Amino acid sequence: MSLTRKDVEGIAHLARLEISEAQLPVYVESLSKILSFVEQLNAAQTTGVEPMAHPLAGEAQRLRPDEVTEQDQHVKYQANAVSVAAGLYVVPKVIE
Amino acid sequence: MSLHTLSVAELVTGLAAKKFSAVELTEHFLARIGLMNEALNAYITVTPERALADARRADAARSAGQAVLLTGLPLAHKDIFCTDGVRTTCGSKMLGEFVAPYDATIVERLQAAGTVTLGKTNMDEFAMGSSNETSYFGPVRNPWDLAKVPGGSSGGSAAAVAARLAPVATGTDTGGSIRQPAALVGISGIKPTYGRVSRYGMIAFASSLDQAGVMAASAADCAYLLQAMAGFDPRDSTSVNAPVPNYVAELTTPLQGLRIGVVREFFGPGLETATGALVQAAIEQYRALGATIVDVSCPNLPLSVPTYYVVAPAECSSNLSRFDGVRFGYRCQEPRDLMDLYKRSRGEGFGDEVKRRIMTGTYVLSAGYYDAYYLQAQKVRNLISAEFKHAFTQADLLIGPTSPTTAFDIGSKVDDPITMYLNDIYTIGANLAGLPAMSIPCGFSQNLPVGLQLLGPHFSESRILSAAHGYQSVTDFHQRVPAAYV
């Protein structure tokens, strides 16, 4: 698989990553190489094979009782945010 | 007596007999870190005040008759584990100023077991790398040769233990990140079964592959640490509720009658001749110790690297979407609007390899490509897993090299992602199948350590540790320390 510059710009947009003009060709090349490399998977015979999402297949996802287990620590957690006001995260205006 | 060359058993016994105090022991390691860390760059953050406070608390507990398994034992944590009140960077500019607001479960458990935290070790950014060169905080150097990489992603923990700047350290392994660096610096490292050790508070890379483990000089040392770390945690939804064996007591389980399978695919092209020869010699050593050696085959194992480079980036692209520049982590200067804030915060906050993996993952999960890449990779993952399962009907443990080569030069592979990815050709299989696996030193090639890998079925950590311990009872490679750090 050979990606174009436009492909990579599209992927970067989906991934919400700003990629500089200088870096774009580098990613075009390395991502194309990686996709070509993983294409050898197509040679594997997988007809009738179930996809495996979890290494301990058969383990049922555990549920917990619907009880409050956490205390409100928003002040401590928000200490890591760049911009907070009145307990809210501040971002640029979304609706004009 | 040099405190830094003692085993965990000797340290614990020495502390109990009051031959030395936890404060003396901690001061000894802090002094070594002060002298030697600058050249190695093994630690991102050293926490001397906290370490000494921990040590004083340990000594007080000992005096009060309240000592537990590891009271007073110093250790280092990979900087991927959240430590309450201490900077937790994950090797990234994105979290360069992040102070974790809580402790990871394993940090909490090791504290409850009495350990003293010396600091946080360097790593590839978000654990994505096999050489520790993707760290925002600079590469770690291999104590055996400062021009070489220590492996990755747990390269800081590996170098710290190899240079005896910590008796033991924690690590994480998504595709070989404990075992490959352990091999390249000549120490022992175990990746437990998926679900054996809690992932709560361990910054996620690829959630179906990530597992926490231990790096130490010997298998016996690993057993002590794993004992304190393993077990059910309700805060990790994939934690398995199964009893934890007594790893330390079971170390001396005899090797007589153990069936060890030599995996044919581990000895294909790409394996350095000298490395292969040392691994073969180790297999003969196991035969001499009473094990039965059998030949096994996992024909799809060579597909583990391409499988991993679809599955892991897919999961990483999803996990790393939490870094949005809003709630925590790096935010760009003067964003024009919300989209600009997201894109520039992530573009500036993540390094090249992380961005490469996020984009690979985004692509293989995108409309029109999901079936061809992601679904196919998950099917091959199932094939590989089934082949391991079959191999374990013929053998109790599997054996092979950990890494195809010894430590390589810093800078020699950074520009070629595929060559770098192939370092993990022997280690990734265990992650895909969720198996426990361990690397132990089995010799030297041109003065650089070579690692031997042991793999077992799910929850066979005790069998792996005792097999490694049996080998280490008749060899001394695990006791070798690089000349500058004796």
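The structure is a predicted model, in which local features need pLDDT of at least 70, side-chain atom pairs count only at pLDDT 80 or more, and totals for chains, interfaces and linings use all residues. Residues are numbered from 1 along each chain as its sequence is written, and chains are lettered from A and ligands numbered from 1 in the order in which they are written. The confidence score pLDDT is the predictor's confidence in each residue, from 0 to 100. For chain A its mean is 93, and 100% of the residues reach 70 or more.

Chain B contains 15 helices and 11 strands; helices (H or I, at least four residues) and strands (E, at least two) are DSSP runs, numbered from the N terminus. The radius of gyration of chain B is 21 Å, close to the 23 Å that the globule rule gives for 486 residues, so the chain is as compact as a globular protein of that length. This radius is taken over C-alpha atoms, and the globule rule is 2.2 Å times the number of residues to the power 0.38. The C-alpha trace of chain B spans about 65 × 55 × 45 Å along its principal axes. Of the 486 residues, 62% count as buried. A residue is buried if 20 or more other C-beta atoms lie within 10 Å of its own, exposed if 12 or fewer, and partly exposed in between, with C-beta atoms placed from the backbone. Two residues are in contact if their C-beta atoms, placed from the backbone, lie within 7 Å. Among the contacts in chain B with a separation of 6 or more, 76% are between residues 24 or more positions apart.

The contact between the chains takes 53 residues from chain B and 42 residues from chain A. On the side of chain B that touches chain A, at least two residues each come from helices H9 (304-319), H10 (338-349), H11 (352-365), H12 (370-394) and H13 (417-421). H12(B) gives the most, with 11 residues. This side of chain B divides into 27 nonpolar, 16 polar and 10 charged residues. Here Ala, Val, Leu, Ile, Met, Phe, Trp, Tyr, Cys and Pro count as nonpolar, Asp, Glu, Lys and Arg as charged, and the others, Gly among them, as polar.

In soluble globular proteins, nonpolar side chains tend to be buried together. A nonpolar core is a set of buried Ala, Val, Leu, Ile, Met, Phe, Trp, Tyr and Cys residues joined through C-beta atoms within 7 Å. The largest such core has 168 residues, and those with the most contacts inside it include Val161(B) and Ala216(B). Leaving aside neighbours within four places in sequence, Ala216(B) is in contact with residues including Val8(B), Val161(B), Val168(B) and Cys222(B).

Strand E4 (residues 168-173) of chain B is mostly covered, with 6 of its 6 residues buried. In a regular strand the side chains alternate between the two faces of the sheet. Val168(B), Thr170(B) and Thr172(B) point one way from E4(B), whereas Ala169(B), Gly171(B) and Asp173(B) point the other way. E4(B) runs antiparallel to strand E6 (residues 211-216) of chain B, to which 6 bridges join it; two strands pair if DSSP finds at least two bridges between them. The bridge partner of Gly171(B) in E6(B) is Gly213(B).

Helix H7(B) is also mostly covered, with 10 of its 11 residues buried. Ala223(B) and Leu226(B) are among the buried residues. Tyr247(B), in the loop between H7 (219-229) and strand E7 (259-263) of chain B, is in contact with Ala223(B) and Leu226(B), among others. Tyr247(B) is buried because 24 other C-beta atoms lie within 10 Å.

Most residues other than glycine have a negative phi, and most peptide bonds are trans. The peptide bond from Gly152(B) to Ser153(B), however, is cis, with omega near 10°. Phe459(B) has a positive phi, near 65°, and lies in the loop between strand E11 (448-455) and helix H15 (461-474) of chain B. In chain A, Arg16(A) has a positive phi near 55°. Arg16(A) is buried, with 20 other C-beta atoms within 10 Å.
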